[in-house]
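Today I am going through the backbone of this chain with the viewer open. Here are my notes, in the order I took them.

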Amino acid sequence: MDFSQWGQPSKEWLSFAAANPAILSHAGDDLPPLKQQENANNGRATVAKTLMAVTGLDKLVATQDYVVPTRDGNSITMCSYRPIRMGSQSLPGFVYYHGGGFIFGGVETEVFNCSRVAHALSMNVVHVVCRQTPQVKGLTIWHDALDGFEWVATHTETLGIDPFRIVVGGESSGANLAACVVQNELRRARETDSASRIKGQLLTIPKVVHTKAFPYHLFADREKVSLVQCADAAVIPKHRLNLFTGLLGSEVDPTERTWSPALAEDDERRGMPPTAFLIAGWDPLRDEGLWYAQKLKNAGVRTKVHIFPGLPHAFYSLRQLPSRRRWNEVLLDSLRWEIADEGEWIVEVPPAMPPAMEGAAATTSSTRLREKNPPPTTRVHL
């Protein structure tokens with residue numbers, strides 16, 4: 001295999017980098033992990049809060065937090081996002097795991113991302129907020145992800161989610177958690193001779209193989225493998241990947257399927273739901289995502305892959321990049337594709353509109369109705 005043709009920085013990226021050197025600096029990478037976590041989360045939360053206010057989504061999407069028990073006697077937070085206009089009707093569900101190297105991200109950082117999807121697709125988005133490093137190590141994060149999904153799957157009536165239309169997904173490290181959840185659900189379905197409760201899977205810029213377990217031998221040239229070719233790429237260069245991996249600890253074998261879901265055997269992949277991949281070309285994680293996509297396709301899984309050549313990990317978080325809009329379009333389209341049955345017509349549900357737009361639409365509709373059906377004219381005969 002060789003996917004290196006997508007690994008050179010694009011003209012779009014080079015132009016952006018030249019104009020925004022400060023944004024791309026790695027100032028603060030030498031700070032203690034907890035301080036890095038605090039700074040990153042505060043920055044992301046501020047951006048999310050601003051976007052909520054600017055777009056008006058804070059008035060269009062209802063949020064509800066739940067405290068969910070975990071298997072070790074602790075608890076995690078689950079955040080539900082529903083379009084207000086849809087009321088209490090049953091909606092498709094999207095169980096979402098955020099990205100951030102298993103160290104960054106939280107309730108406040110994902111408010112805009114979850115609200116945007118809920119509003120645009122008339123879905124109930126449930127953000128599973130797993131515990132993170134450096135506060136925890138080992139498999140705790142993955143156990144939280146599994147416990148969170150199980151709670152959603154057994155509380156669909158409470159959440160107002162259609163139990164037959166649940167998609168599981170995540171970005172980067174969150175995609176790793178999502179892939180683990182889907183494989184665990186397939187295993188449960190086989191062992192209990194029951195149907196899987198997951199209709200689709202969305203994996204964006206996925207981290208699906210532990211760095212120490214990467215299968216270099218399957219690729220044509222080690223130097224062209226994304227972990228090597230993109231070692232100095234923006235956003236997550238090699239030293240940041242090493243930090244994220246190191247914080248997880250070493251108590252688990254890197255080849256363990258929970259940490260490395262892409263290493264699953266053929267029989268573990270068969271029967272997996274339709275899966276969409278969104279991949280950045282100039283990203284150290286590129287090859288593991290494309291390799292996993294190829295493995296699923298070979299196992300007979302319906303797959304949908306979108307590659308953004310020459311762009312780095314999580315480039316879409318930079319609002320100045322033109323490709324950000326296309327990424328968001330593809331993400332929404334992929335969720336629509338996963339919710340629909342194969343060959344089914346996709347009927348778009350109109351999104352809720354701000355009150356001002358609602359008023360304008362009502363006025364326009366009333367005017368057109370009067371034009372089409374003018375009031376009767378009184379004729380006076382002289």
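I started in the loop between helix H7 (226-229) and helix H8 (238-247), which is where Val235 sits. This is a predicted model, so I read each angle as a property of the prediction. Val235 is not a glycine, yet I found a positive phi of about 75° for it.

As a reminder to myself, most residues other than glycine have a negative phi, and most peptide bonds are trans.

Next I turned to Ala314, in the loop between strand S8 (303-312) and helix H11 (323-339). Its phi is positive too, near 60°, and this residue is other than glycine. Is Ala314 buried or exposed? I got a relative accessible area of 17% for Ala314, and because buried means under 20%, it counts as buried.

Then I checked the peptide bonds. Which residues does a cis peptide bond join? I found it between Thr133 and Pro134, with omega at about 0°. Pro134 belongs to the loop between strand S4 (124-129) and helix H4 (140-153).

My last stop was helix H6, residues 173-192. From first C-alpha to last, H6 reaches 29 Å over its 20 residues, and that is close to the 28 Å expected at 1.5 Å a residue. H6 is mostly covered, with 14 of its 20 residues buried. Just after H6 comes Asp193, where I noted a positive phi of about 50°.

How values were computed: Residues are numbered from 1 along each chain as its sequence is written. This is a predicted model: local features need pLDDT of at least 70, side-chain atom pairs count only at pLDDT 80 or more; totals for chains, interfaces and linings use all residues. Side-chain values use heavy atoms; hydrogens and water are left out. Helices (H or I, at least four residues) and strands (E, at least two) are DSSP runs, numbered from the N terminus. The expected span of a helix is 1.5 Å times one less than its number of residues. Buried means under 20% relative accessible area, exposed over 50%, partly exposed in between (1.4 Å probe, protein chains only).
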